[in-house]
Amino acid sequence: MSENVQVVVRVRPTNKKTCFQVQSQTIKTLEPPVKSFNFDHIFDESSSQTDLQAELCSKYVLNALEGYNACIFAYGQTGSGKTYTMRGGTANPGIIPLICEELFEALELDNTTVSTVTITYFEIYNEKLIDLLGDTSPRVREANDKKTFVQDITTFRVNRVEEVLEYLSVGDVKRSVATTRMNMESSRSHAIFTLSIKQKEPDGSIRESDLKLVDLAGSERANATLGIDNGRRMKEGSNINKSLSTLGRCISQLAKNSKLLIPYRDSLLTWVLKENLGGNSKTCMIACISPTDLEETLSTLRYATTAKDIKLSAIMNEIVPNVNEDMKAAIEAAAKSRKELELLRAEMSLLQSEHNTKSEQWKTHEKLLEGFKHVTKLNDFLENQLKHEISKSRDLQRENKISRLDKNNTQDALLRIVGALFVEHTRSPKSVTIDNLVSDLDDFIIQLDNDISSIV
Ligand SMILES: Nc1ncnc2c1ncn2[C@@H]1O[C@H](COP(=O)(O)OP(=O)(O)OP(=O)(O)O)[C@@H](O)[C@H]1O
């Protein structure tokens, strides 16, 4: 089912004059001409990291645990609070550490699933991919199914939140930051932290998901970023702006559901985030704003408004081994059982007219016994197939349907039929109620037909 990108706004606190006013899910300019924007959620100036945790972290952890790829990215002008929102500090951790904390808490509570969590952390700096946790030279590749992935990147398996925090600190030290006019510690790169979660259920099914947490470099006017080493800042700024404008073009074409080729390849950032922007992912954009700057903020709010129209089609990445094959075998076996019963019924009808002599009565017994053994064997096979299927099926509804087609159903009915025949014969050989038996078998065949059609 398709679902739109979730777009939320976070307002950075300020002690300067603000140009915007927040009312519930609406933010508008204070001065005329009044411009107003609506979003899924607005975290106003007084919002804490815990507010973001409550609204976003649990939801995206749950998505990932259910097997959906997910992505949260922070967008906004330089100094608007993206790094604060995504990373935070030791005393006020942001979305990345809070999500890791929630993820490991959830995994610890689940003692039936075997889970593996791995992480990667890289940055895109001047259109180059840099491994923040190692010295590899990662590259973005396109798989046969057209999805992109990062190859040759250092990956660590993690078991506890503390381990993740250590790796994050190592990566943060390596990340490209600089002092600009707008921000003492301005991120000069897009940083992408990925949690890959693999969960194996006792029934053999496997769920896999990637949760990407992205702190984008700031959108900015060239002169806003100047400070020390202006030549270098200009080059960084132009690369940042190039990738953010490509992101903008992708967002606007995706939002229009354009039939044109989406220009993912025009920047490394959009190429890496291809699936999260327009494919198999549940994605959230956090538009960070510094409400003192009217024009920059309006530009961010317009950008974010466009993103609201993007439709994504996340699918649960789950592999349930061979269920269909086993199901097919079980249904085939049930159909075979049914055929045998029909033959048996036909033979009984034939004998019905000849049951006067003693030897023919015994022939009836023998035929029935032979048929019973045969059908029992088939039903044993059927039962095994179904048990196998049930043990692998996590779908209770289907389990209920299958359980109706079990051995008791078939064997008990047959035992009843054959037992009744013996009793009748022993008591009075002449009063064999073959008519009743044939009608019992008819009912039984109808029951089997219904059972088969209920699970197909
Ligand atoms: N919600 C907030 N509460 C308190 N302080 C904040 C908040 N948001 C941002 N800050 C502070 O504002 C400053 C700039 O924030 P931050 O570095 O997160 O901006 P940024 O958008 O990542 O900038 P850049 O794009 O230049 O990297 C930092 O000192 C940060 O601690």
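**Annotated binding site**

The unreviewed UniProt entry carries a "binding site" annotation that covers Gly 76, Gln 77, Thr 78, Gly 79, Ser 80, Gly 81, Lys 82 and Thr 83. The structure discussed here is a predicted model.

A residue counts as buried if 20 or more other C-beta atoms lie within 10 Å of its own. Gly 79 is therefore buried, as 24 other C-beta atoms lie within 10 Å.

With 21 other C-beta atoms within 10 Å, Gly 81 is buried. When residues up to four places away in sequence are left out, Gly 81 touches Arg 10, Arg 12 and Cys 288.

Strands of a sheet pair through backbone hydrogen bonds, in either a parallel or an antiparallel manner. In this model, three strands form an open sheet with antiparallel pairing, in the order β3-β4-β5. The edges are taken by β3 (20-23) and β5 (36-38); each has a single partner strand, so one side of each is left without a neighbour in the sheet. Direction ignored, neighbouring strands of this sheet are turned by 20 degrees against each other on average.

The antiparallel pair of β3 and β4 (residues 26-29) is joined by four bridges. Among the bridge partners is Thr 26 in β4, which is paired with Gln 23.

Conventions. Residues numbered from 1 in each chain as written. Predicted model: local features only at pLDDT ≥ 70, side-chain atom pairs only at ≥ 80, totals over all residues. UniProt positions renumbered as here; feature names shortened; annotations may be inferred. Buried ≥ 20, exposed ≤ 12 C-beta atoms within 10 Å, placed from the backbone. Contact = placed C-beta atoms within 7 Å. Pairing = 2+ DSSP bridges. Helix = DSSP H or I, 4+ residues; strand = E, 2+ residues; numbered from the N terminus. Axes fitted to C-alpha atoms, helices over the stretch in contact; angles between N-to-C directions.
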